Amino acid sequence: MNPEVEPEMTFMRALGEDVVNNFQAYREDAVSQTARRNFIRSECAYVEGMVWFFKKLVRSHIEDKRISVGGEIKLYLHDFDFKVTGSGKIEKKEKRLPTIDNLKALLKSCGEIYGYEVGLGNTGWGDLKDTFGVRDRIMHPSTDKAIAVSEAEMETGVRGHEWFESERSKLLQALKNF
């Protein structure tokens, strides 16, 4: 692995441990709404962190000139866009994509770059998307009922996590084989 990303590896391990520990807390007290919310939030933070991390790894491959990609993918991977000011000056601006869109673009781009099959057509992908919907609802509640996470939503979250871990493993293997 690239030595430039070692500090991020520590960070990503911490986010992964949060998911594991929060899932364990849920298993020990399955009716606890706190445990349910913590698992959902930590899973989504883990996915967001992994997207950021993998984009950095792919950018390092491009910068090391080990791969060549089109301009659209380069723009996407660098998380910026451009704007033109009233005076005509071109300025770089940060681009913020919803996490699910960001993940989909990352997986599709990496599938194209590294040549592996991306599993966006199965139920796990849908489960992960639904989990982000639950996370958004509990993070921005409009009623007291909005912070409740049902057993079915937890099951969906677990399946979404399992799907993501499978895709993450495929991506890691593709990067190692490159």
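Colleague: How do you look for empty space in a structure at all?
Modeller: You roll a probe the size of a water molecule over the atoms, and that shows where empty space is left.

Colleague: What volume does the largest pocket have here?
Modeller: About 270 Å³. Bear in mind that the model is predicted.

Colleague: Which residues line the largest pocket?
Modeller: The lining is made of E48, V51, W52, K55, D79, E94, K95, R96, L97, T99 and N102. Two elements give two or more residues to that lining, α2 (33-63) and α4 (99-114).

Colleague: And which element has the largest share of it?
Modeller: That is α2, with 4 residues.

Colleague: How do the lining residues of the largest pocket divide into nonpolar, polar and charged?
Modeller: There are 6 charged residues, 3 nonpolar and 2 polar. K55 and D79 are among the residues of this lining, and by the rule used here Lys and Asp count as charged.

Colleague: Next topic. How much space lies in the second largest pocket?
Modeller: About 190 Å³.

Colleague: Which residues lie nearest its centre?
Modeller: In the second largest pocket those are M12, R13, Y46, M50 and R168, out of 14 lining residues.

Colleague: Which elements supply at least two residues each to that lining?
Modeller: α1 (6-28), α2 and α6 (151-177) do. The largest share of the second largest pocket's lining comes from α1, which gives 6 residues.

Colleague: How does that lining divide, nonpolar, polar and charged?
Modeller: For the second largest pocket the division is 9 nonpolar, 2 polar and 3 charged.

Colleague: Which residues line the largest cavity?
Modeller: M50, V51, F54, L103, L106, L107, F164, E167, R168 and L171. The elements giving two or more of the residues are α2, α4 and α6.

Colleague: Which of them gives the most?
Modeller: α6 does, with 4 residues in the lining of the largest cavity.

Colleague: I think I've seen some of those names already. Where else does M50 turn up?
Modeller: M50 lies among the residues nearest the centre of the second largest pocket, and M50 also lines the largest cavity. R168 is likewise in the list for the pocket centre and in the cavity lining. V51 lines the largest pocket as well as the largest cavity.

Colleague: Last one. How do the cavity's lining residues divide?
Modeller: The largest cavity has 8 nonpolar lining residues, no polar ones and 2 charged.

Technical notes: Residues are numbered from 1 along each chain as its sequence is written. This is a predicted model: local features need pLDDT of at least 70, side-chain atom pairs count only at pLDDT 80 or more; totals for chains, interfaces and linings use all residues. Side-chain values use heavy atoms; hydrogens and water are left out. On a 1 Å grid over the protein atoms alone, a cavity is a set of points where a 1.4 Å probe fits but cannot get out, and a pocket is an open set with protein on both sides within 12 Å along at least five of seven lines; lining residues have an atom within 4 Å of a point. Grid points are joined across faces, edges and corners, and a volume is the space filled by probe spheres set on the points.
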